[in-house]
Every structure is written in C-alpha cells, then in structure tokens.
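Here are a few friendly notes to read alongside the structure. Take them one at a time and look for each feature as you go.

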Amino acid sequence: MSPTALVSACAASASSTSPAAISPSSTKAAALGLHILEGPIMSKIDQVRSFFETPQGYLVGSQFNIRIRIETVQEFTKNLTFDRVLDIGCGDGSISLPLLARSKRLTLLDVSTNMLDLARNKIPLERAHDVDLINRNFVGANLEPESFDLVLCIGVLAHVDSPAAVISEIARIAKPGACVVLQFTDRFHFWGVPYAVYSAVYRRLLKQEPYTLNRLSRRQVMRLCQKEHLNISAVYRYGLPPLGTSRFAGQDERYKMSRHVFGPSYRNRNRWMGNEFICRLEKA
Ligand SMILES: C[S@@+](CC[C@H](N)C(=O)[O-])C[C@H]1O[C@@H](n2cnc3c(N)ncnc32)[C@H](O)[C@@H]1O
C-alpha cells in the first residue's frame with residue numbers, strides 16, 4: 001500500500017470506525033466545564049479489523065504494489081506445485097488465487113470479513129471445494145502443525161501485535177522443506193524516512209491514525225526468521241515511488257516507475273535503494 005494511500009485511508013477509516021462518545025470523564029474536568037472525548041477502547045487486532053473492513057481504500061490505492069507482489073510470488077514459486085497453500089492476511093485473494101491452478105488446496109485467512117468476502121467471490125466455482133476460508137487473527141487460529149507446503153504472509157507484519165509471534169507460528173504450521181514468502185518494509189532504510197516523518201507529523205498533528213504500524217528493520221526480521229530456522233533463498237527488493245507521486249501519476253505509471261528503477265521480479269537491480277522486501281524462505 002502506498003504510504004499516502006495508507007495514511008489518507010487511515011484518516012477516513014478512523015472517523016468512520018472509532019465513534020467517540022462525549023462524557024464528563026473526571027470530576028476535575030467536569031468542574032472546569034470541560035468534556036473529555038472518550039471512545040471505546042479497542043485492541044490492536046480490532047482496530048486492524050475495523051480499518052480493513054473498508055477494503056477499497058487499500059485495494060484501490062495499492063493496485064500497482066499488489067501487481068508487483070503478485071508477479072513476485074509467481075516468479076518465486078514458478079514451476080512448483082503445492083499440496084496445501086496458506087495465505088495469511090489474504091486481502092481480496094489477488095495474490096494466492098492464481099496459485100490455485102498449481103495447488104490442491106488453498107486456505108485464505110483474514111481478520112477482515114469484508115476482505116474475505118471479496119476473496120470468496122473470486123474463487124472459481126469448479127474449485128470452490130478446494131478452498132477454506134478462515135476469518136480469524138492468524139495468531140490464535142490454531143492451524144495444524146506442519147501442514148502447509150507454501151505459506152504467504154504479504155503486507156501483514158506491519159499490522160500485527162507481535163511480528164515475532166507471527167513468524168514463530170508460520171514456522172510451526174509449515175512442513176519441513178516448505179516455501180514461505182514473507183513481505184515487510186524496512187522502516188529504518190533511507191527510502192522510508194520521508195514517509196516516517198510524514199506519518200509522525202500526521203499522527204502528532206491530526207491524531208487520526210487508528211493504529212501505529214510496526215516499525216520493522218531488515219535485520220530484526222531476518223534474525224526472527226533465522227531463529228525459527230526459516231532460511232532465505234531469494235529476495236526481491238524495491239521501493240515505492242516517493243510520497244506525493246499519486247497526485248500526478250496513476251497506478252500504471254507508478255508500477256512502471258518502480259519496475260524501471262528496480263527491474264522485473266526475475267532481474268532485480270538497484271537493490272540497495274529498496275526498502276520493500278519480498279523474501280522467499282525455506283523451512284529447514
Ligand atoms: C495490507 S493488507 C495486505 C493484503 C494482501 N496480502 C496484499 O498483499 O495485497 C493486510 C491484510 O492483512 C489482514 N490482517 C492484518 N492483521 C491480521 C492478523 N493478525 N490475522 C489475519 N489477518 C490480518 C488485514 O485484514 C488485511 O486484509
């Protein structure tokens with residue numbers, strides 16, 4: 001998702017999903033004639049669910065990035081066939097449903113009911129019996145151990161309570177030798193600095209982000225993967241066009257900009273400039 005799209009979509013979502021009730025919250029405030037704005041206290045997972053229950057903000061704003069993700073997953077899994085595929089945080093299913101042709105069974109899991117409904121509507125009728133839909137938080141979904149030979153976790157780590165718990169759970173449910181495709185954004189890389197500043201200012205001034213994205217570094221994610229014996233076998237590294245580009249460039253132009261700088265999924269160039277990581281890992 002482009003940073004701009006996320007922040008603006010977050011703003012829209014915050015006002016529509018976190019209704020605030022006005023009540024005199026303390027005697028001191030009441031004595032001063034002040035009213036404190038109080039909203040229901042939501043856990044992070046509820047906030048994430050609530051944000052993605054309006055999927056269009058993400059899906060429309062991030063089309064070009066989703067296209068890069070689809071193509072990279074295809075490249076990383078090319079010529080492989082799978083018994084069981086799991087797509088964690090599947091969104092509308094655009095990334096994993098094309099893999100169905102090479103898979104016996106696909107599990108689509110998402111905490112957002114509306115995202116999952118979009119994915120359900122895209123399942124080809126003749127394969128409907130081969131697709132399981134799970135509307136739950138991945139951590140806590142209690143999937144069978146060592147049961148999947150391909151696990152996708154794309155665009156999810158920034159949103160979860162604990163990235164360490166997610167990576168450990170992926171390792172638990174993946175078969176030995178399974179392929180895992182994991183995406184994350186390195187928020188400490190220079191390419192992400194303008195976004196980090198913009199996001200911090202936005203949060204401080206407008207306080208409208210429903211939740212704070214996890215600030216992950218490449219080193220941190222790689223350490224977590226190593227600890228779980230998930231060994232890296234390929235990486236596509238790229239960057240999204242700079243903030244503000246969406247004002248004058250459409251999805252197609254932004255796709256071309258990114259591909260022009262970083263190359264196609266099969267021939268990555270200028271990798272040092274990229275802070276978006278799509279990694280293929282293998283479970284030992
Ligand atoms: C940024 S979208 C990415 C969707 C898709 N994977 C893609 O790359 O286009 C994140 C998705 O993950 C889901 N999600 C976030 N945290 C989750 C969790 N803990 N368990 C299950 N789904 C989660 C959201 O509802 C949302 O659909």
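1. A residue is buried if 20 or more other C-beta atoms, placed from the backbone, lie within 10 Å of its own. By that rule, 37% of the 284 residues of the protein are buried. This is a predicted model, in which local features need pLDDT of at least 70, side-chain atom pairs count only at pLDDT 80 or more, and totals for chains, interfaces and linings use all residues. Numbering starts from 1 along each chain as its sequence is written.

2. The protein has 10 helices and nine strands; these are DSSP runs (helices: H or I, at least four residues; strands: E, at least two), numbered from the N terminus.

3. Now find strand E3, residues 82-88, where five of the seven residues are buried. E3 pairs with strand E4 (residues 103-109) in the parallel sense over six bridges; strands pair if DSSP finds at least two bridges between them. E3 also runs parallel to strand E6 (residues 148-153), joined by four bridges.

4. Which residues are closest to the ligand? They are Phe-52, Gly-89, Gly-91, Ser-112 and Gly-155, among 23 that surround it. A residue is near a molecule if its C-beta atom, placed from the backbone, lies within 6 Å of it.

5. Helix H3 (44-52) and helix H5 (63-76) each supply at least two residues of this shell, and H3 gives the most, with three.

Methods:
Buried ≥ 20, exposed ≤ 12 C-beta atoms within 10 Å, placed from the backbone.
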